[in-house]
Amino acid sequence: NSIWVSTDHDEIEKVAKQFGAQVHRRSPEVSQDSSTSLEAIREFLNHHHEVDIVGNIQATSPCLHPSDLIKVADLIQKEGFDSVFSVVRRHQFRWSEVKKGENKMTEPQNLNPAKRYRRQDWPGELYENGSFYFAKRHLIEKGYLQGGKMAYYEMRAEHSVDIDIDIDWPIAEQRVLSFGYFGKEPLKEVKLLVCSIDGCLTNGRIYVTEDQKEMVSYDYRDIVGIDLLKKRGIQVRFISERDCSKTLSAMQLGCVAKVSATNKLQVLEDWQKDMGLSRKEVAYLGNEESDVECLKKAGMSGVPADACAVAQKAAGYICKSSGGCGAVREFAEHIFLLLEKVNSARKQ
């Protein structure tokens, strides 16, 4: 009946309201590093006596689809379960742990080594994946998220991704692009990439010779990335606040460019209009404060690793590479992942 974000953070509250959620401001007591989700939910229920069922959706599981939540809600509302939680099927052989210094042998936990079978021929085991926990109010008030008449909901493996540590993040990004939920509006292929020159295509440094000639450096990997984009039918255009036409001419990229641009957003919108593209068909790679509005307007946006803080905040993707050091190629790969997602959706 209602969607809430529980937080003690002003910026998270602002973003939540922008996307139509209501906000419950957590108290300091349940906002500690050691605080649990259950504590936060119980505090919420103390302020909302009208709530009978809570679906606790974990923010660290970004591949969750609305269709799964609708089915789980039906299990409680129509089939009478008191609690439902998410699981995923794993095909992993478990062995007992032997601690260092113990004179013991490890023992198989869920297999017979003498009759070892292929994992693909084995039905596997169910594990909690932490994506969501649904429970009725009376259970939560007693201090449980699972109890009473319980049921599990098995999620598809490709939708089951849990971000716990740093190395989970890049895996989650690729999984979201391949299997994530992008809303009811059909995905669009990116047909135009607009890239800021200084700080994205180059590292932003300008070398001046004794005869006052300017020189910049670029990474050949980025040139390859641009060529790959063109081969996929994606136009690449460049933009800069300064007059760097000689630099672009020397690079021989063969791309449309707008230099001495005082209003980057206007240039972006004019190009979009001239090409007859929707917002979702445009990608933008920038790195400075002057790129922020373009990053917000583009359907797909990215910044190099060394972009300024406000640009990073506005972007949908932050490259691991710095400007002039492969960021364009990396963002191109990011676009290709989206194209795979679009093609997969069409086949389905």
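## Exercises on a predicted model

The largest nonpolar core of this predicted model has 34 residues, and those with the most contacts inside it are Leu193, Ile226, Leu229, Phe238, Leu253, Phe331 and Ile335.

**Exercise 1.** State which elements supply at least two residues of this core each, and which one gives the largest share.

*Solution.* Step one is to list the contributors. Strand S7 (192–196), helix H6 (197–201), helix H7 (220–231), strand S10 (235–239), helix H8 (245–251), strand S12 (282–285) and helix H12 (327–347) each supply at least two residues. Step two is to find the largest share: H12 provides it, with 10 residues. Step three is to look at one member, phenylalanine 238. Leaving out residues up to four places away in sequence, phenylalanine 238 touches Cys195, Ile197, Leu201, Ile226, Leu253, Cys255, Val256, Ala257, Lys258 and Trp271. A second, separate core has 20 residues, including Val267, Leu268, Leu295 and Ala298.

**Exercise 2.** Give the strand order of the open sheet of 4 strands and name its edge strands.

*Solution.* The order is S3-S5-S4-S6, and the pairing is mixed. The edge strands are S3 (53–57) and S6 (150–154), each of which pairs on one side only. From one strand to the next the twist averages 35°. Isoleucine 53 has lysine 136 in S5 as its bridge partner. Finally, helix H3 (residues 66–77) packs on the sheet and touches S3, S4 (83–90), S5 and S6. The direction of H3 makes about 65° with that of S5.

**Exercise 3.** Classify the ring pair of phenylalanine 132 and tyrosine 153, and locate both residues.

*Solution.* The ring centres are 6.1 Å apart, and the pairing limit is 6.5 Å. The planes stand at 50°; stacked needs under 30 degrees and edge-to-face over 60, so the pair is tilted. Phenylalanine 132 lies in strand S5 and tyrosine 153 in strand S6, so the pair ties together parts 21 residues apart in sequence. Both residues are buried. The structure holds 7 aromatic pairs, and Phe93, Tyr117 and Trp122 form one aromatic cluster. A ring also meets a charge elsewhere: the charged end of lysine 149 sits over the ring of phenylalanine 81, 4.7 Å from its centre.

**Exercise 4.** Decide whether aspartate 291 is buried or exposed, and list its contacts beyond four places in sequence.

*Solution.* Aspartate 291 is placed in the loop between strand S12 and helix H10 (292–297). Its relative accessible area is 0%; buried means under 20%, so aspartate 291 is buried. Leaving aside neighbours within four places in sequence, aspartate 291 is in contact with Ser196, Lys264, Tyr284 and Gly286.

Key. Residues are numbered from 1 along each chain as its sequence is written. This is a predicted model: local features need pLDDT of at least 70, side-chain atom pairs count only at pLDDT 80 or more; totals for chains, interfaces and linings use all residues. Side-chain values use heavy atoms; hydrogens and water are left out. Two strands pair if DSSP finds at least two bridges between them. Axes are lines fitted to C-alpha atoms, for helices over the stretch in contact, and angles run from 0 to 180 degrees between N-to-C directions. Contact means heavy atoms within 4.5 Å. Buried means under 20% relative accessible area, exposed over 50%, partly exposed in between (1.4 Å probe, protein chains only). A nonpolar core is a set of buried Ala, Val, Leu, Ile, Met, Phe, Trp, Tyr and Cys residues joined through side-chain atoms within 4.5 Å. Rings of Phe, Tyr and Trp (its six-membered ring) pair if their centres lie within 6.5 Å; planes under 30 degrees apart count as stacked, over 60 as edge-to-face and the rest as tilted. A charge sits over a ring if NZ of Lys or CZ of Arg is within 6 Å of the ring centre and within 35 degrees of the ring normal.
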